[in-house]
Amino acid sequence: MKKTRFNELHKKLGAKMVEFVGWEMPIEYKGIIDEHMAVRTRAGLFDVSHMGEVFVTGKDALAYVQWLTPNDAARLLPGQVQYTALMTPESTFVDDMLVYCINPRTYFLVVNAANVDKDFAWIAGHTKGFEVRVENQSDAYSQVALQGPLAEKILQPLTDIALGAMKSFWWSKGKVAGIECLVSRTGYTGEDGFEVYSTDPDPGAVWTSIIEKGTPLGLLPIGLGARDTLRLESKLMLYGNDISDKTTVLEADLKWIVKLQKGDFLGKPVIEKQLAEGLQRKLVGFELIDKGIARPHYPVYVGAQKVSEVCSGTFSPFLKKPIGLAYLPIGATAIGTEFEVGIRDKMTRAKVIPTPFYKRADKK
Amino acid sequence: MYPSDFYYTKDHEWIKVEGNEGLVGITDFAQHQLGDIIFVELPQVGAELAAHQSIGVVESVKSVSDVYSPVAGKIVAVNDGLSQTADLLNKDPHGRGWIVRLKIKDRKELEGLMKVSDYEKFLEGLES
């Protein structure tokens with residue numbers, strides 16, 4: 001198993017470690033519910049070094065990023081970040097990702113840990129006709145995420161970057177705990193917070209200084225278990241569960257990342273066709289009416305017929321109810337529509353509800 | 001930490017014998033492995049079970065686990081408190097977190113279960 005540069009620190013904090021896509025990662029420390037609530041009410045620190053980092057550089061860097069993705073990267077000024085996806089010609093997903101504009105000839109793509117090799121091969125494999133260089137720098141990068149209402153308060157004393165001036169989906173370079181880092185106001189929890197990237201071969205001080213500064217304020221280290229419950233409450237996608245190469249960007253309810261007027265891109269003709277013809281199915285959020293917990297792959301029924309399987313599902317620690325995501329036939333996607341999830345041998349009633357399930361009160 | 005008057009199974013259930021009945025639950029090791037327990041599916045009172053048949057299901061945020069009956073018997077009571085406060089299983093797995101009370105069918109089946117020192121040795125073996 002691969003190990004991040006913070007591996008020993010997790011073990012010292014008593015983390016329960018598991019294997020995740022080839023990495024030894026902490027799944028929980030104190031417990032999923034405590035960790036989840038810490039992020040929602042105070043702050044939490046995640047080791048996300050397993051994520052992938054790919055650079056696209058050169059004269060045609062912007063044009064190439066535009067070709068590979070549905071969102072409009074031309075809108076990004078140096079210092080800005082955008083949520084987008086790598087699209088197949090069928091408008092399905094190779095992955096979802098963040099694109100950072102470093103400068104008009106340098107784009108920094110951050111991709112899911114499960115897909116690093118696949119994504120790099122994809123990005124490097126479509127360059128014909130573009131004057132670009134593609135580099136996989138994933139091994140060089142360590143990354144932590146500090147998330148929660150107290151994130152700025154905890155991080156500011158540790159950095160020379162003026163965090164108060166950093167808006168959501170912007171980034172800056174500077175020192176954190178004396179170590180050179182790129183810091184962005186981004187995250188995967190639905191709370192305010194920062195993601196901190198470093199290529200320093202010895203970045204331990206980034207982790208330990210945040211833990212030291214944050215613990216008296218109620219910060220907890222957070223494992224992958226709570227990472228999943230947090231992102232699901234905020235209806236953030238998980239590749240392999242909610243989006244895949246079998247789901248189109250419109251079916252996934254991600255029309256907002258599609259900017260047709262920006263020019264041509266992989267998958268555009270299929271998106272235009274789906275817009276003209278209408279969708280057959282769509283990803284919706286649901287809660288259970290009967291007692292139980294809906295989990296990934298449980299069968300989903302409309303009427304007596306199985307229509308799909310649960311994509312993501314859990315017991316929401318903040319909302320204290322079972323929630324989930326599933327693709328339903330378009331006729332069953334209206335809010336309030338009741339359907340059923342098969343939980344072991346029981347047909348458990350569910351209903352479509354608005355998403356995101358949780359939205360924080362203030363947004364920077 | 002493990003009560004000396006309980007019998008234990010390899011699936012981390014315990015049974016406390018009281019006359020010809022037994023109180024059944026899961027051990028502290030099991031509740032720790034499961035994490036925060038949200039929901040317990042209990043059997044019907046009156047159900048007759050064989051040894052190692054599923055009594056019910058314990059759901060935590062991240063997992064689902066069957067609870068198996070240590071011995072054959074008839075369910076005479078279930079812990080309704082668990083439907084209100086499932087986390088009793090985390091907080092007091094050997095006491096207020098009991099799951100069912102059953103009338104033991106054949107006391108000889110108890111001889112196949114572990115006593116406390118064997119269970120503690122079994123746990124040590126797992127952790128290495």
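What radius of gyration would a compact globule of 364 residues have, and what does chain A have?

1. The model is predicted. A compact globule with 364 residues would have a radius of gyration near 21 Å; chain A has 21 Å, so the two agree. Along the principal axes, the C-alpha atoms of chain A occupy a box of roughly 60 × 50 × 40 Å.

2. On confidence, the predictor assigns the complex an ipTM of 0.80 and a pTM of 0.92. Chain B has an average pLDDT of 94, with 99% of its residues scoring at least 70. Where pLDDT is low, predicted coordinates should not be read in detail.

3. Chain A contains eight helices and 19 strands. Of its 364 residues, 47% are buried. Among contacts in chain A with a separation of 6 or more, 67% are between residues 24 or more positions apart.

4. One sheet of chain A is open and has five strands, in the order S5-S6-S7-S4-S8, with antiparallel pairing. Its edges are strand S5 (81-87) and strand S8 (133-136) of chain A, each of which pairs on one side only. Neighbouring strands of this sheet are turned against each other by 30° on average, direction ignored. Seven bridges connect S5(A) with S6(A), and these two strands run antiparallel. Within S6(A), Tyr100(A) is the residue that stands opposite Val81(A).

5. Helix H4 (residues 116-124) of chain A lies across S4, S5, S6, S7 and S8 of chain A, and runs at about 10° to S4(A).

6. Which residues touch the most other members of the largest nonpolar core? They are Val56(A), Leu109(A) and Leu146(A), in a core of 130 residues. Strand S6 (residues 93-103) of chain A contributes the most to this core, with six residues. Leaving aside residues up to four places away in sequence, Val56(A) touches Ala61(A), Tyr64(A), Val65(A), Tyr107(A), Leu109(A), Ile123(A), Val132(A) and Val134(A). In soluble globular proteins, nonpolar side chains tend to be buried together.

7. Chain A also holds a barrel, closed by six strands in the order S14-S17-S16-S15-S18-S19 with antiparallel pairing. From one strand to the next, the twist averages 40°. Helix H7 (residues 224-233) of chain A packs on the sheet, where it touches S16 and strand S17 (321-329) of chain A; the direction of H7 makes about 115° with that of S16(A). Strand S15 (residues 299-302) and strand S16 (residues 305-316) of chain A run antiparallel and are joined by four bridges. Opposite Pro299(A) stands Glu309(A) in S16(A).

8. Chain B comprises four helices and nine strands. Read from the N terminus, its elements follow the order β-β-β-α-β-β-β-β-β-α-α-β-α. A compact globule with 128 residues would have a radius of gyration near 14 Å, and chain B agrees, because its value is 14 Å. The C-alpha trace of chain B spans about 35 × 35 × 20 Å along its principal axes.

9. In chain B, 37% of the 128 residues count as buried. Of the contacts in chain B between residues at least 6 apart in sequence, 63% join residues at least 24 apart.

Note on methods: Residues numbered from 1 in each chain as written. Chains lettered and ligands numbered in written order. Predicted model: local features only at pLDDT ≥ 70, side-chain atom pairs only at ≥ 80, totals over all residues. Pairing = 2+ DSSP bridges. Axes fitted to C-alpha atoms, helices over the stretch in contact; angles between N-to-C directions. Contact = placed C-beta atoms within 7 Å. Core = buried A, V, L, I, M, F, W, Y, C linked by C-beta atoms within 7 Å. Buried ≥ 20, exposed ≤ 12 C-beta atoms within 10 Å, placed from the backbone. pLDDT = per-residue confidence, 0-100. Rg over C-alpha atoms; globule rule 2.2 N^0.38 Å.
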